[in-house]
Amino acid sequence: MISTGSTCSFNSALVQLDSPVWENVRKVPSAEIPSGYAWENSTNILHVVGRETWLSPTKSFSATGYELYFVEAETLGFQAKQVLGLNAVKRFDLFKQYKSGWDVGRGLPLSLHSVAVMEAFISFFNDFRQEPSLFLTPEGNLQLGWEDKDNNSVEIEFFPDRIEYYIESFDEEQAIPLTYSEMCKFSNRLYSLV
Amino acid sequence: MSRPECPPCENIARAISDSQWDPEQNRCSSSLFKGENISVSRLTVLPITDLLKIFHNELDRPPAAKVIAAGEINIGTMQEIGKSQDQPKVLTVEEDPLPSNPAHAEIPQKITRGLALKIGNALILHNEPL
């Protein structure tokens, strides 16, 4: 059972984004979410903001004490499907079939952690101007690529513990940790390129 | 022992799998060239049709993970892309023939995500015969 106290205790079912521990992760039925918490089924992500408030991470955020959780899933959530488009959904289904060793022995199968991180990212940023391309890296990570308003390349790879990116317009190649504040800052920079 | 360096006038080919290329959007992933000791093949040793057969034999993992094309680039062109970076990067191609692919060579330098994407975007695609 999920605790209804002010400190979240989710029976190891959910993972705090700031300190990912991925064992025993499962999707939690909305009926198990205590009153006051918000559960967005469409993204496979649980955003907990206090006990009384639900704020979309893409809108202005002024509350404190938030906690951000995400859940593994073998399928893309509704929002990801809408944003990425049919071509990416087809490619995602293809990537699920990749077996260990697919890239001359070194390729890893699709990481469900990476899927969860990409879903989290899409809940922050989802205006790609056109359908982005979905790729699978030898590490088993999902990767998105698209062009910004100046037709310069943007590429993002979703690791279980970080996001690595390249933004040609800024000539910038870095990694960010999976914290709420960093995801907000990063998505705001991407919105400036739309 | 150091391996012979291929001259800038040569062209090389890189196998492209469906995970690295989105044919519908005509975009490539940096994973095509990101990292070090990237495998390529010399077109002065084998023609593209022979290389595609080798790529299929070595890399196809049905039902998924298939080679869908080969990407060709001139070594000199690739080196110019490396030099044009804000932090210029010297790129070389070293001969590394293998029993299964006598045209095999490697780019030994570590290639960043941004540089890899620029090289990928400069490729000439060969997707026949499949």
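Two strands pair if DSSP finds at least two bridges between them. Strand E1 (residues 11–17) and strand E4 (residues 38–42) of chain B are joined by 2 bridges and run antiparallel. This is a predicted model.

- An open sheet of 6 strands is found in chain B, with antiparallel pairing.
- The strand order is E6-E7-E4-E1-E5-E8.
- Strand E6 (94–95) and strand E8 (124–126) of chain B are the edge strands, and each pairs on one side only.
- Where E1 and E4 of chain B meet, B:Ile12 stands opposite B:Arg42.

**Helices on the sheet**
- Helix H1 (residues 48–59) of chain B packs on the sheet and touches E1, E4, E5 and E8 of chain B.
- The direction of H1 makes about 135° with that of strand E5 (67–74) of chain B.
- Helix H2 (residues 75–83) of chain B also packs on the sheet, touching E1 and E5 of chain B.
- The direction of H2 makes about 80° with that of E5(B).

**Chain B overall**
- Chain B has 3 helices and 8 strands.
- From the N terminus on, its elements run β-β-β-β-α-β-α-β-β-α-β.
- A compact globule of 130 residues would have a radius of gyration near 14 Å, and chain B agrees, because its own value is 14 Å.
- The C-alpha trace of chain B spans about 40 × 35 × 20 Å along its principal axes.
- Of the 130 residues in chain B, 42% count as buried.
- Among contacts in chain B with a separation of 6 or more, 76% come from residues 24 or more positions apart.

**Chain A overall**
- Chain A has 4 helices and 9 strands.
- Along the sequence, chain A follows the pattern β-β-β-β-α-α-α-β-β-β-β-β-α.
- Of the 194 residues in chain A, 37% count as buried.
- Residues 24 or more positions apart supply 56% of the chain A contacts with a separation of 6 or more.

**The nonpolar core**
- In soluble globular proteins, nonpolar side chains tend to be buried together.
- The largest nonpolar core here has 67 residues.
- A:Val117, A:Phe121, B:Ile12 and B:Ala70 have the most contacts inside this core.
- Helix H3 (residues 112–124) of chain A gives the most to this core, with 7 residues.
- Leaving aside neighbours within four places in sequence, A:Phe121 is in contact with A:Phe158, A:Ile163 and A:Met183.
- B:Ile12 links two topics: it is among the residues with the most contacts inside the core, and it stands opposite B:Arg42 in E4(B).

How values were computed: Residues are numbered from 1 along each chain as its sequence is written. Chains are lettered from A and ligands numbered from 1 in the order in which they are written. This is a predicted model: local features need pLDDT of at least 70, side-chain atom pairs count only at pLDDT 80 or more; totals for chains, interfaces and linings use all residues. A nonpolar core is a set of buried Ala, Val, Leu, Ile, Met, Phe, Trp, Tyr and Cys residues joined through C-beta atoms within 7 Å. A residue is buried if 20 or more other C-beta atoms lie within 10 Å of its own, exposed if 12 or fewer, and partly exposed in between; C-beta atoms are placed from the backbone. Two residues are in contact if their C-beta atoms, placed from the backbone, lie within 7 Å. Axes are lines fitted to C-alpha atoms, for helices over the stretch in contact, and angles run from 0 to 180 degrees between N-to-C directions. The radius of gyration is taken over C-alpha atoms; the globule rule is 2.2 Å times the number of residues to the power 0.38.
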